[in-house]
Amino acid sequence: MNFNKRINYICFAVALGGLLFGFDTAVISGAISFVKTQFSLDTVAEGWMVSSGLLGSIIGVFATGIISDKIGRKKTIIVAAIMFLLSGFGCGFASSFTLLVIARMIGGIGVGMASVISPMYISEFAPADKRGRMVAYYQLAITLGILLAYLSNAYILSISDNGTSELLQQPWRGMFVVMCIPSLLFLLMLVKVPESPRWLVEINRQQEAQKILYTVRPKAAADKEFNDILHAKSRAKTTSVSLLHPSVRIPLIIGIVLAVLQQFSGINAIIYYGPNIFQSAGLDSSNALMFQVIIGTVNFLSTIIAIAYADKYGRKFLLKTGLTGIIISLILCGILFYTNHTQGYLLLVLMMLYIICFAFSIGPVTWIIINEIFPTHVRVKAVTVCTMALWIAVWLVGQFFPWLLEKAGPAFTFWAFAIFSLINLLFSLTVVKETKGKTLEEMDTAFVAPH
């Protein structure tokens, strides 16, 4: 049996949840101006249009924390895929702003569920020496989804003038409907994905768990991993560890802080409002959209760096290198806006530097760390708390970024993001522990003493 092929298929299929996450995140950047015109939205309503999906994500994260341990990882992922599909149709055919917001919230629920369960599922399946790379598949899928949304938006916009159907006369509708295509692909690929062996052991279905492990590992490795899982479970029963236990408290703080500061670096502000930022720099709307496609491509390609080096050089090396570049690029972007030197290509170059540094560092590494530092018996609850913190941070940025851009100006907005990134760098250097090469069961003792 080709174990590598099998494990790669499983991790790739589940990572498609990230593609839909990215698509849902980015599709709004092309649609928002049309929706704003059609429904006569003011700044507050525009912010609500964006953040309604994010509010749905918070609900989805909370729901996953409740249902994943009860119905299993696989069924939870399938529910998320169905939510994506319903949202694509609902947004595309919404007859009012209220229905559009409801459909966005349904999609957000799917995004929130996928953001918890997809990388966690991958971390539970991946071999220890390849876990960083395979969890990074999820971030790669997010960036691919963002890129596909940009390309899809640009294509629909290019054919909308000649369209006779309502979907083409109102291009924002077509932009949303396209999401149904990857949603259906996601559902189809999940058919051949097995349940998580670690969850099966937790609910005392050891025989099924062992059988699945034999399909993804050589027998000796599968037996060792199965015994490690059983021993970890028996330890959990005797120590009665909860989220408040000292052994979980430190990784929980690390996970929450990394999740929040990842978003306070400003990544989603640039994804959501990229065309607006470029237009405020003096570029016309068609060029602004083209630059978004360029940024999406750079984002996707740069994430491959994390896949190549997360398990080789470690998580901390990628964090400190990427955050240094992020801080420098944000400060310089702020200076360009402050001195009104935003014409030409320097702004685009600096934004690409920012995207490159984000894409190989805090983008994927945050997801990797969050999904590998907790013991199995509290993993769903702990990852849910960290991911909830991330989505609240995303919601805050989405809700208040238009206001901040309007009141404080882009220069101070970029500098604020730089300050949060500096805090992240200091935190990563002093508090975050290196986790490369450790099995999930070894994480139980990884935070007892500093490394």
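Mentor: What follows covers the chain as a whole, then its aromatic pairs, then one threonine.

Mentor: This is a predicted model, in which local features need pLDDT of at least 70, side-chain atom pairs count only at pLDDT 80 or more, and totals for chains, interfaces and linings use all residues. Residues are numbered from 1 along each chain as its sequence is written, and side-chain values use heavy atoms, with hydrogens and water left out.

Trainee: How many helices and strands does the chain have?

Mentor: There are 19 helices and zero strands. Helices (H or I, at least four residues) and strands (E, at least two) are DSSP runs, numbered from the N terminus.

Trainee: And what share of the residues counts as buried?

Mentor: Of 451 residues, 58% are buried. Buried means under 20% relative accessible area, exposed over 50%, and partly exposed in between (1.4 Å probe, protein chains only).

Trainee: Changing topic, how many aromatic pairs are found?

Mentor: The search of the whole structure gives 17. Rings of Phe, Tyr and Trp (its six-membered ring) pair if their centres lie within 6.5 Å; planes under 30 degrees apart count as stacked, over 60 as edge-to-face and the rest as tilted.

Trainee: Why is the pair of F89 and F93 stacked?

Mentor: Their ring planes are at 15°, so the pair is stacked, with the centres 6.5 Å apart. F89 is partly exposed at 45% relative accessibility, while F93 is exposed at 53%.

Trainee: What about Y138 and W367?

Mentor: Those ring planes stand at 80°, so this pair is edge-to-face, and the centres are 5.4 Å apart. Because Y138 lies in helix α5 (residues 131-160) and W367 in helix α17 (residues 362-370), the pair ties together parts that are 229 residues apart in sequence.

Trainee: Are these two residues buried or exposed?

Mentor: Y138 is buried, at 0% relative accessible area, and W367 is buried at 2%. Y138 and W367 also form one aromatic cluster with F21 and W391.

Trainee: Now for T143: where is it?

Mentor: T143 is in helix α5, and it is buried at 0% relative accessibility.

Trainee: Which residues is T143 in contact with, beyond its neighbours within four places in sequence?

Mentor: T143 is in contact with G296, N299, F300 and T303, where contact means heavy atoms within 4.5 Å.
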